[in-house]
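Hello,

Please find the structure below, followed by notes on what was found in it.

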Amino acid sequence: MPLLEVTSLSAAYGSVPALHRVDFVVNAGEIVGILGHNGMGKTTLMRSIMGFVRTTGGDIRYDGRSITGLSVNARARAGIGFVPQGRQIFPNLSVEENLHVGIRQDRVSAAKKADEIVALFPRLKRLLDRQGAALSGGEQQLLALARCLCTNPRLILLDEPTEGIQPNILDEITETLLGLMKGTEMAIVLVEQNVDFIAGLASRVYALSNGVVERELPREHLTDPVKVNQFIGFA
């Protein structure tokens with residue numbers, strides 16, 4: 001049974017259609033990519049799955065049950081984590097305080113959980129007292145991912161994590177995500193337009209254009225410029 005199953009999903013902003021009968025599945029233990037240019041509906045798809053955008057048709061099933069009518073908070077409590085485009089950390093809180101915001105436990109347990117998460121992100125360990133606004137874009141992205149993990153998600157929706165990020169931190173993000181996936185049933189939906197980044201992580205990729213899934217691509221096609229240009233027009 002898929003962990004996430006999106007069926008004939010449609011969404012709109014007012015009278016303007018944004019998604020058109022989108023279908024895709026994500027199994028436990030895999031990273032699935034959503035690849036496409038800006039303005040093609042990638043972020044709308046993530047926000048629809050999380051419940052921020054009202055859907056106009058279709059169904060979203062998570063762990064075997066429909067969540068289409070659930071609130072954002074109910075979806076989060078069910079185990080869906082969201083790292084939005086632009087990161088949206090709390091700029092006036094310290095790194096440590098940002099992490100504690102995502103932990104629903106008593107103070108002692110929260111401190112222990114924060115320590116476990118920071119161990120996955122060595123760069124953040126020396127920045128715990130620094131305000132979020134003082135971090136670089138890459139450090140903020142690491143913090144956003146770490147804060148998401150504090151909620152113990154089974155499914156992570158990761159929207160454009162490479163935007164404005166320096167290459168050395170991209171490598172850290174890749175290594176961290178691959179490490180997280182080892183021996184786990186967690187799944188990740190990765191929205192990107194960086195072909196190299198998504199090819200290094202995703203086992204399968206859906207090409208999204210004008211709110212429509214054009215086709216599913218195997219990972220190996222992303223290293224072939226001819227196929228990338230044919231199906232996505234990125235090369």
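Phe24 counts as buried, because its relative accessibility is 3% (buried means under 20% relative accessible area, exposed over 50%, partly exposed in between, with a 1.4 Å probe and protein chains only). The model is predicted: local features need pLDDT of at least 70, side-chain atom pairs count only at pLDDT 80 or more, and totals for chains, interfaces and linings use all residues. Residues are numbered from 1 along each chain as its sequence is written, and side-chain values use heavy atoms, with hydrogens and water left out.

Aromatic pairs
Rings of Phe, Tyr and Trp (its six-membered ring) pair if their centres lie within 6.5 Å; planes under 30 degrees apart count as stacked, over 60 as edge-to-face and the rest as tilted. By this rule there are two aromatic pairs. Phe24 and Tyr206 make a tilted one, 5.5 Å centre to centre with 55° between the planes. Phe24 sits in strand E2 (residues 16–26) and Tyr206 in strand E9 (residues 204–209), 182 residues apart; helices (H or I, at least four residues) and strands (E, at least two) are DSSP runs, numbered from the N terminus. Tyr206 is buried too, at 5% relative accessibility.

Phe52 and Phe82 form a tilted pair, at 5.9 Å centre to centre and 40° between the planes. Phe52 lies in the loop between H1 and strand E4 (55–62) and Phe82 in strand E6 (residues 80–83), so this pair ties together parts 30 residues apart in sequence. Phe52 is partly exposed at 42% relative accessible area, whereas Phe82 counts as buried at 18%.

Helix H1
In H1 (residues 42–50), seven of the nine residues are buried, among them Leu45, Met46 and Ile49.

Regards
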